[in-house]
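Good morning, and thank you for coming.

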Amino acid sequence: MIASEMKRAFPILAVITALLLAYSTYQALVVAPTERTMGDVQRIFYYHVPSAWTAFCLFFVNLIASIVYLVRKNPKADALAVSSAEVGVVFCTIVLITGPIWARPVWGIWWTWDVRLTSTLVLWLIYVSYLMLRRFSDSAQTPVLAAVLAIFGALDVPLVYFSIWFFRTQHPQPVIGGGGSLDPRMLHVFLLNLFTFSCFGAMLCWARYRLELLQREVEEVESLQSLRGVPQ
Amino acid sequence: MSPMHSITWATLTKDICLEWRSKDALNSMLFFSLLVVVIFSFSFDPNAEESREIAGGLIWVAFLFAAVVALNQTWTRELRNQVLDAYRVSPAPATALFVAKALGNFILVSVLEALMAPLFMIFYNLRALGPAWQLIPVAILGTWALVVNGTFFAAMSLRTRSREIMLPLLLFPISIPAVQSMVEATRIILSGDGAARFWIVLLLTYDVVFTTACLALFETVLQAE
């Protein structure tokens with residue numbers, strides 16, 4: 001019952017998200033005022049930070065789904081875990097690509113081993129290894145192994161953060177952002193983009209989740225047919 | 001002795017006995033890390049001052065790569081004749097098996113380190129300017145950090161295709177904070193600038209967190225169906 005209602009809601013929400021995305025892009029590229037020192041390159045900020053936020057949210061969803069899977073052994077939780085990890089890696093990749101594009105003109109360097117950059121990179125590495133595990137293991141135990149790895153990855157994140165934080169506070173590093181207050185119009189556009197990207201991430205994750213469920217259904221039917229000896 | 005202890009002890013002595021007779025893993029690890037030492041030495045050609053700065057990284061990277069050799073063959077031995085399946089259906093506690101395997105790998109990698117460390121000292125003309133005794137806790141905690149997760153991930157990668165390559169892919173990302181702690185602590189002790197306490201505490205935290213996680217989740221991985 002609920003499933004069919006959600007299926008009907010999907011295209012409507014998808015259209016709303018697309019419109020929202022177009023509006024936010026317009027706001028970010030045209031309406032928001034140009035930053036005084038950085039110029040137009042600062043507009044990356046409206047994509048970079050919301051992408052990071054979305055990626056972290058999706059990784060969090062992945063952790064929760066993994067724990068639920070280990071406790072309940074519910075295959076839907078596993079489908080959610082794999083979809084959130086995949087979409088999260090996509091957003092995390094966007095963060096890692098837009099970051100250097102901004103850093104080069106502003107800091108004068110593409111990359112620095114600063115705490116935020118490095119922990120995002122390590123997080124990305126952990127989740128890529130998670131996806132690799134899922135890819136290389138096609139047995140029935142894959143969901144359990146992947147869920148266990150997700151928990152290990154989550155335990156690792158604070159340790160990574162502390163180690164790099166301590167390492168880098170001992171070394172000179174380029175100044176990030178600096179204090180200063182944000183122009184209210186900029187803040188407005190930023191919050192709008194944050195909301196839009198959250199919706200966009202959620203929609204992608206949902207689409208991927210439905211795809212995963214369908215995929216599994218197809219596989220199940222195929223294996224049942226081959227067991228019965230029905231020609232395909 | 002409780003069943004937990006006796007099973008751990010029996011598995012551990014069996015593994016050590018097998019390794020002692022063949023010395024396959026130890027020999028390949030020793031030769032492998034020797035090659036790494038020589039190749040790094042050619043690639044960087046450091047003077048004494050630079051050696052102190054980079055030796056921590058070289059030593060631990062060599063040991064990390066060599067440890068993967070030992071870790072990869074931890075469980076494959078048990079696949080022959082369905083030993084692992086027999087273990088799965090037996091009432092023996094899974095953690096006993098895990099502790100035995102992790103300890104076995106710990107001993108193996110420690111022996112490797114004890115044999116290779118003097119060679120590093122000679123090839124790179126190393127002399128610790130800081131408190132050298134601190135290298136011992138760093139080595140013990142660092143080795144355990146690599147081995148405990150390595151043993152666990154080796155058991156996980158048993159179920160995957162091309163498992164030999166899967167282990168480092170799983171182990172290295174998770175090990176980044178541990179490797180960084182070992183390397184930094186060793187560098188600080190060798191060059192004598194600053195105190196290595198933070199890094200030793202971080203390593204200890206890493207060890208405690210992941211030993212607990214491994215013990216808690218090993219049963220799940222072993223029985224995964």
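How many helices and strands does the secondary structure of chain A come to? The count is 6 helices and 0 strands, where helices (H or I, at least four residues) and strands (E, at least two) are DSSP runs, numbered from the N terminus. Please bear in mind that this is a predicted model, in which local features need pLDDT of at least 70, side-chain atom pairs count only at pLDDT 80 or more, and totals for chains, interfaces and linings use all residues. Residues are numbered from 1 along each chain as its sequence is written, while chains are lettered from A and ligands numbered from 1 in the order in which they are written.

Let me stay with chain A. From the N terminus on, its elements run α-α-α-α-α-α. The C-alpha trace of chain A spans about 70 × 45 × 30 Å along its principal axes. Of the 232 residues in chain A, 31% are buried. A residue is called buried if 20 or more other C-beta atoms lie within 10 Å of its own, exposed if 12 or fewer, and partly exposed in between, with C-beta atoms placed from the backbone. Among the contacts in chain A with a separation of 6 or more, 77% join residues 24 or more positions apart; two residues are in contact if their C-beta atoms, placed from the backbone, lie within 7 Å.

I turn to the interior. A nonpolar core is a set of buried Ala, Val, Leu, Ile, Met, Phe, Trp, Tyr and Cys residues joined through C-beta atoms within 7 Å. The largest such core has 113 residues, and the members that touch the most others are Ala81(A), Val148(A), Leu149(A), Ala67(B), Met156(B) and Leu203(B). Beyond its neighbours within four places in sequence, Ala81(A) is in contact with Asn62(A), Ala65(A), Ser66(A), Tyr69(A), Ala146(A), Ala147(A) and Ala150(A). Another core, of 6 residues, lies apart from it, and includes Ala28(A), Ala32(A), Phe45(A) and Phe190(A).

Next, the contact between the chains. It takes 27 residues from chain A and 27 residues from chain B. On the side of chain A that touches chain B, helix H4 (115-136) and helix H5 (142-169) of chain A are the elements that give two or more residues. H5(A) gives the most, with 15 residues. By class, that side of chain A has 20 nonpolar, 6 polar and 1 charged residues. Here Ala, Val, Leu, Ile, Met, Phe, Trp, Tyr, Cys and Pro count as nonpolar, Asp, Glu, Lys and Arg as charged, and the others, Gly among them, as polar.

Finally, chain B. Where is the kink in H3(B) centred? The kink, of about 50 degrees, is centred on Ile54(B); the bend at a residue is the angle between axes fitted to the seven residues ending there and the seven starting there.

Most residues other than glycine have a negative phi. After H3(B) comes Asn81(B), whose phi is positive, near 60 degrees. Asn81(B) lies in the loop between helix H3 (48-79) and helix H4 (83-89) of chain B, and is exposed, with 9 other C-beta atoms within 10 Å. Lys23(B) also has a positive phi, near 55 degrees. Lys23(B) is found in the loop between helix H1 (3-22) and helix H2 (24-44) of chain B, and is exposed, with 11 other C-beta atoms within 10 Å.
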